[in-house]
Amino acid sequence: MPRFLYITLIQVLRALAIFCASGLSINASAAKQEPIDFGVFKNYALFSDAAYLPESRIEELAQSQNYSLSHYSDINGLAVTYYLLTNVKTKSQLIGVRGTSNIANALLDMDAKLVTDPHAGIRLHRGFSTAAEKIYSEVKPLLKKDYTLSTTGHSLGGAVSLVLAMYLDLDGFSIGKVVTFGQPKVTNIAGAKKFNHLEVYRLVTPEDLVPLVPPADTMDINDIDIYWHLGKEVILLAGHDYAILEGLSSMLRAANFTRQPITESNLQNHQMARYRSLLESRLQDANRVPYEIDMNLFNLFGGE
C-alpha cells in the first residue's frame, strides 16, 4: 500500500475511535430532517462572491440588499480581502471574506499545520487562524454586541470566516448563520465538538476537492492529528438533488478523494459561478436524497 494511503487509513481508524468516544453522532442520517431554504443560501452565495469584487461594487450590492458597507480592507501580506456590512433595520451584520478560485493556491499558500489557537482554545489550521486573527483585530471595534453577526466566504475565505465565527462566539457576540462554499477543513475533532453548537452550513459539490482537505497534520508521523469538519455539509448533487452529511459520514466521503486524480472538472466545480448556478436551479425544486457512504474502510483504499 502506498505510504500516503497508509497514513490516510490510520487517520480513518483513529477517527473512528476518537469520534465514537466523543459522543457525537456517527450516522449519515444524523442530520435533522429540517427544510432547507435555498433562497437563503443563494443570498449568502451572492455575498461570498461579492468578496472578489472591488470596494465600489460591494457598496452597490450592499445598498441593493438594505445594508451599508461599514468596512473594507485587504490584509497585508496574506492577500485576503474582507468586508463588513451592517443592516440597522434588522440589527444584523455580515462579514464576507474573499477566498481563491485556484485549488493549488488554496492548498499551498497557507500553512496547514494544526496549532493551539490562544483565542479559540483549540487546535486550528495555522494559516487560516493567522488570517482570522488579523481580520478580527481590525473589525472588532466596528461590531455591535446587540446585533446578530453572520459570516460567509468561498474556499479559503470560507475557512477564515468560520474561524472568525468561533472568535465572535467566544467573545459573546450573537452568531447567526455561517455559510461557506467549497471550504477546506480548519480544525480537529475536539475543535469541531467545541463549536458544534454553531449554525454552520458548508455547501459543496461532489467533485470539488477543496472541502476534502487537509486530511491531517502529518508533520509528526508519530502523532498524526486528524482534520475534521463541523456543521452540516450540504452536497449539491445532479439535477435538483441534494444530500446532507455530518461528522464521520463527511469524513468517510473525504477519504475517497485519495483515489482520484485532480481534473479540470474539479477546478470548475470549485468556482463560485458553479455554486451560484447550482443554487439557482434549486430555488423552485429541491429534492433531498440519501448519500451513499462506503462503510468498508479497507475498500476505500484498494490495492497498490
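**Sheet, helices and cores**

Analyst: In this predicted model, Val 97 has Gly 153 of β6 as its bridge partner.

User: In which sense do β3 and strand β6 pair?

Analyst: Strand β6 comprises residues 148-154, and Gly 153 is the bridge partner of Val 97 there. Over 6 bridges, the pairing of β3 with β6 is parallel.

User: Which strands stand at the edges of the open sheet?

Analyst: The sheet has 9 strands with mixed pairing, in the order β1-β2-β3-β6-β7-β9-β12-β13-β14. An edge strand here has a single partner, so one of its sides is left without a neighbour in the sheet. This applies to β1 (68-75) and β14 (287-288).

User: What angle does the direction of α3 make with that of β1?

Analyst: Helix α3 packs on the sheet, where it touches β1 and β2. Its direction and that of β1 make an angle of about 150°.

User: Where do the buried residues of α3 lie around its axis, on the same side or on opposite sides?

Analyst: The buried residues of this helix are Ile 58, Leu 61 and Ala 62. Because they cover an arc of only 100° around the axis, they fall on the same side of α3. Their cover includes α2 (38-50), β1 and β2.

User: Is Ser 56 buried, partly exposed or exposed?

Analyst: Ser 56 belongs to helix α3, residues 55-64. Buried requires under 20% relative accessible area and exposed over 50%. The relative accessibility of Ser 56 is 47%, so this residue counts as partly exposed.

User: Which element gives the most to the largest nonpolar core?

Analyst: That core has 42 residues, and Ile 95, Ile 135, Leu 143, Val 160 and Met 166 have the most contacts inside it. Elements supplying at least two residues each include β2 (80-87), β3 (92-97), α5 (126-139) and α6 (156-170). With 10 residues, the element that gives the most is α6.

User: Which residues does Met 166 touch, not counting those up to four places away in sequence?

Analyst: Met 166 is among the residues with the most contacts inside the largest nonpolar core. With residues up to four places away in sequence not counted, Met 166 touches Ile 122, Leu 124, Val 186, Phe 195, Leu 198 and Leu 230.

User: How many residues does the other core have?

Analyst: Another core lies apart from the largest one. Among its residues are Tyr 67, Leu 85, Ala 243 and Met 272, and the core has 33 residues.

Note on methods
Residues are numbered from 1 along each chain as its sequence is written. This is a predicted model: local features need pLDDT of at least 70, side-chain atom pairs count only at pLDDT 80 or more; totals for chains, interfaces and linings use all residues. Side-chain values use heavy atoms; hydrogens and water are left out. A nonpolar core is a set of buried Ala, Val, Leu, Ile, Met, Phe, Trp, Tyr and Cys residues joined through side-chain atoms within 4.5 Å. Buried means under 20% relative accessible area, exposed over 50%, partly exposed in between (1.4 Å probe, protein chains only). Helices (H or I, at least four residues) and strands (E, at least two) are DSSP runs, numbered from the N terminus. Contact means heavy atoms within 4.5 Å. Two strands pair if DSSP finds at least two bridges between them. Axes are lines fitted to C-alpha atoms, for helices over the stretch in contact, and angles run from 0 to 180 degrees between N-to-C directions. The arc is that of the directions from the helix axis to the C-beta atoms.
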